[in-house]
Amino acid sequence: MKSFKWDGADYQQFSRYQTEQGTELIKLLNVRDGEKILDVGCGNGLLTIEVARESPKGFVVGIDSSEEMLRKAEKNKKEQGIKNITFQLKDAVSIDYENEFDAIFSNSVLHWIKDHKKLLKKFYKTLKPRGRLAIGFASKGNKGGPIKVELEEEE
Ligand SMILES: C[S@@+](CC[C@H](N)C(=O)[O-])C[C@H]1O[C@@H](n2cnc3c(N)ncnc32)[C@H](O)[C@@H]1O
């Protein structure tokens, strides 16, 4: 199957809705300074930059499977003079972190990924104990507010 080809400049021009919804999601995440945060499907990096500004003593890793989007993210990071972000080319389902991040942020991405069961297991492993997960699927008609879920490890 042919995968979708992202265009960073084009996305930036037509993604005001996603950026606005993502900004709301960042407020819900309630980032504390010093936290280490993973942005899954960071795209053009504009929201990653907002997250990094909330944690100047911490660090944000933005991963995305599109080189083109990451090029735009690096450009935005440089233009905005942000230092505490690393962007990496990575498929979300293949991440292999363990107990590394205080929170995972992912806006407007999970509907592009099929294997949610595998992905959520990876997210669980990635997070430190009591880590937080903020995922947004903003679209007209979707639930507006946050849903709180407490996760338990499978036996
Ligand atoms: C609609 S954009 C959202 C970008 C950004 N999070 C935002 O809200 O502006 C979706 C992004 O998800 C990325 N993506 C899709 N499938 C992915 C996967 N399996 N692993 C990592 N990134 C993925 C795409 O490359 C694209 O940059």
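Select Asp39 first, and across from Asp39 you will find Gly62 in strand 2. This is a predicted model, in which local features need pLDDT of at least 70 and side-chain atom pairs count only at pLDDT 80 or more, while totals for chains, interfaces and linings use all residues. Residues are numbered from 1 along each chain as its sequence is written.

Next, colour strand 1 (residues 36-40) and strand 2, which run parallel and are joined by 5 bridges; strands here are DSSP runs of E with at least two residues, helices are runs of H or I with at least four, and both are numbered from the N terminus.

Now select helix 4 (residues 67-80): at 1.5 Å a residue, its 14 residues should span 20 Å, and the end C-alpha atoms are 20 Å apart, which agrees. The expected span is 1.5 Å times one less than the number of residues. Which residues of helix 4 are buried? They are Met69, Leu70, Lys72, Ala73, Asn76 and Lys77, whereas Glu67, Lys78 and Glu79, on the other side of helix 4, are exposed. A residue is buried if 20 or more other C-beta atoms, placed from the backbone, lie within 10 Å of its own, exposed if 12 or fewer do, and partly exposed in between.

Finally, step just past helix 4 to Gly81, which takes a positive phi of about 65°.

Notes. Pairing = 2+ DSSP bridges.
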